[in-house]
Amino acid sequence: MLIALLPGDGIGPEVIEQARRVLDAVCGDTLTYEEAPVGGAAYKAHGHPLPPATLDLARRADAILFGAVGDPDCDALERHLRPEQAILGLRKALTLFANLRPAKLFPELADASALRPEVASAIDMVIVRELNGDVYFGEKGMRTTAAGRREGYDVMAYNEDEVARIARVGFETARARNGKLCSVDKANVLETSQLWRDVVIELSADYPDIALSHMYVDNAAMQLVRNPGQFDVIVTGNLFGDILSDQASMCAGSIGMLPSASLDANKKGLYEPIHGSAPDIAGQGKANPLATILSAAMMLRYSLDRGTDADRIEAAVASALANGARSPDLGGTHSTVQMGDAVLAAL
Ligand code: NAD
Ligand code: IPM
Ligand code: MN
């Protein structure tokens with residue numbers, strides 16, 4: 001099995017290194033790896049954030065393990081050359097439309113959550129985020145108004161097939177869990193969301209066993225902090241899912257804890273932590289690698305059919321936390337490497 005390793009920028013290479021150590025310990029030489037530059041690193045070396053050779057590797061690989069992209073040096077570049085276009089380009093080129101972002105509190109981290117422990121401990125949910133459409137991929141640009149003022153615009157759109165394919169992933173994910181699906185939209189204001197809601201309701205006829213509810217995104221943001229335990233599976237669009245998943249991460253202890261899988265229709269996947277390149281702590285050994293290590297576990301489970309190995313990694317992360325491993329985001333002093341050491345010791 002070939003794994004594409006795309007470390008990227010900032011803390012990306014630091015967290016990928018620890019995930020690689022864990023994969024080596026669990027899978028030995030049953031996996032082979034090829035690494036390629038992506039993001040700002042690729043722009044600096046090859047003049048493009050997603051060079052053809054990197055995209056080719058991603059296509060050839062059985063699964064992709066991705067760090068993070070984003071580099072303040074590149075923020076003034078034309079948009080198509082910015083590091084973020086690499087991850088957006090990979091999601092689109094490989095039709096990775098279904099982004100699963102599980103948020104579960106490890107009991108050992110109840111004190112790290114921004115919520116009171118009794119509220120935080122109930123969080124055990126999956127956010128199913130659409131990744132190939134929405135305002136991210138609509139027409140966008142800068143123009144001048146009749147009054148000669150600058151105006152930026154980004155068109156939000158979903159067609160019914162795009163909504164249906166992600167809604168099905170939401171229903172199926174709920175079916176494999178506790179049977180509750182909450183569709184999050186802004187149908188009180190947006191036509192995009194009205195279509196979203198109509199299509200989800202139409203599809204629900206195929207899933208009579210699933211308890212479907214609908215929530216406006218502003219309320220969902222509030223409910224996520226008030227009582228995160230009420231959610232089993234949330235299905236939502238690209239932009240709302242981006243925002244709600246960062247918020248859910250803090251309910252579960254830290255943004256350094258949340259993994260993700262971005263899947264196509266055949267379960268080919270790109271696996272990455274939900275966080276970014278964290279330029280404020282890059283190169284200082286402060287990054288929490290657990291989100292990336294847990295992403296590697298998701299890769300084994302979803303793309304490589306190695307659920308038992310995934311379980312082993314998740315159990316080792318839990319033991320490392322139980323044994324007191326805490327990076328600074330979790331209120332401790334463990335370095336990135338020491339967090340990796342703790343997981344390896346638990347394995
Ligand atoms: P960020 O997620 O990089 O960081 C937000 C805050 O969380 C920072 O204070 C950071 O230090 C902290 N943090 C993030 N990951 C951490 C970890 N593993 N351990 C400890 N602390 C961690 O978000 P941002 O600052 O808004 O964005 C920085 C750059 O990353 C931008 O260029 C952005 O576009 C990019 N980004 C990329 C991805 C991705 O590659 N998928 C995701 C989000 C942001
Ligand atoms: C994420 C990130 C990306 C997104 C950016 C870097 C394009 O925030 O993966 O959550 O908005 O999807
Ligand atoms: Mn994000």
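Predicted model: local features only at pLDDT ≥ 70, side-chain atom pairs only at ≥ 80, totals over all residues.

Residues are numbered from 1 along each chain as its sequence is written, chains are lettered from A and ligands numbered from 1 in the order in which they are written, and side-chain values use heavy atoms, with hydrogens and water left out.

**Helix H7**

- Helices (H or I, at least four residues) and strands (E, at least two) are DSSP runs numbered from the N terminus; helix H7, residues 191-203, has 13 residues and reaches 18 Å from its first C-alpha to its last, close to the 18 Å expected at 1.5 Å a residue, where the expected span is 1.5 Å times one less than the number of residues.
- Its buried residues are Thr 192, Ser 193, Trp 196, Arg 197, Val 199, Val 200 and Leu 203, with buried meaning under 20% relative accessible area, exposed over 50% and partly exposed in between (1.4 Å probe, protein chains only).
- The buried residues of H7 pack (heavy atoms within 4.5 Å) against several elements, among them strand E5 (124-130), helix H6 (160-175) and helix H9 (238-251).

**Ligand 1**

- Ligand 1 is surrounded by 20 residues, of which the closest are Glu 84, Gly 276, Ala 278, Asp 280 and Asn 288, a residue being near if one of its heavy atoms lies within 4 Å.
- An oxygen atom of ligand 1 is 2.5 Å from an N or O atom in the side chain of Glu 84, and an oxygen atom of the ligand is 2.8 Å from a polar backbone atom of Gly 276.
- Of the 800 Å² of accessible area that ligand 1 has on its own, the protein covers 69% (Shrake-Rupley method, 1.4 Å probe).

**Ligand 2**

- The residues around ligand 2 include Leu 88, Arg 101, Tyr 136 and Ile 274, and helix H4 (residues 84-93) gives the most to this shell, with 3 residues.
- An oxygen atom of ligand 2 is 2.7 Å from a side-chain N or O atom of Arg 91, and for Asp 242 the corresponding distance is 2.9 Å.
- Taken alone, ligand 2 exposes 320 Å², and the protein buries 77% of that.

Conventions
Polar contact = N/O pair within 3.5 Å; in protein donor to acceptor, adjacent residues only side chain to side chain.
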